[in-house]
Amino acid sequence: MEKLENEIGTMRVRIENLHLGMVELREDVKALSGQVSMGRGALKFVGLTGTVIVALITFIAWLGQTFKPFGM
């Protein structure tokens, strides 16, 4: 009977450690999800900014070609 009680105690400790490990893992996953979300936002911002810059440069080049003096 004493051996069974020891085994049950050992199993309780293992289950508690497993639970604590799962809680830590859950917190790590939450932190990683937040970082991924911020990274996606940064990529969208960089993509949008790049698109706007390319559009402005293209428009300025078009204006320069359209209103260029004829003699040059």
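Here is a short tour of this chain, from its overall shape to a few of its residues.

The model is a predicted one, where local features need pLDDT of at least 70, side-chain atom pairs count only at pLDDT 80 or more, and totals for chains, interfaces and linings use all residues. Residues are numbered from 1 along each chain as its sequence is written, and side-chain values use heavy atoms, with hydrogens and water left out.

**Overall shape**

Along its principal axes, the C-alpha trace spans about 105 × 10 × 10 Å.

As for burial, 0% of the 72 residues count as buried (under 20% relative accessible area; exposed is over 50%, partly exposed in between, with a 1.4 Å probe and protein chains only). The chain exposes about 7000 Å², 70% of it supplied by carbon and sulfur atoms.

**Some residues up close**

| Residue | Relative accessibility | Class |
|---|---|---|
| Ser 33 | 42% | partly exposed |
| Phe 59 | 45% | partly exposed |
| Ile 60 | 56% | exposed |

Ser 33 sits in helix α1. Its C-alpha atom is 16 Å from that of Met 22, eleven residues away along the chain.

There's one aromatic pair in the structure. The ring centres of Phe 59 and Trp 62 are 6.0 Å apart with planes at 25 degrees, so this pair is stacked (pairing takes ring centres within 6.5 Å, using the six-membered ring for Trp; planes under 30 degrees apart are stacked, over 60 edge-to-face, the rest tilted). Both residues belong to helix α1 (residues 2-66), three residues apart, or about one turn of the helix.

How values were computed. Helices (H or I, at least four residues) and strands (E, at least two) are DSSP runs, numbered from the N terminus. Accessible areas come from the Shrake-Rupley method with a 1.4 Å probe; for residues, only the protein chains shown count as cover.
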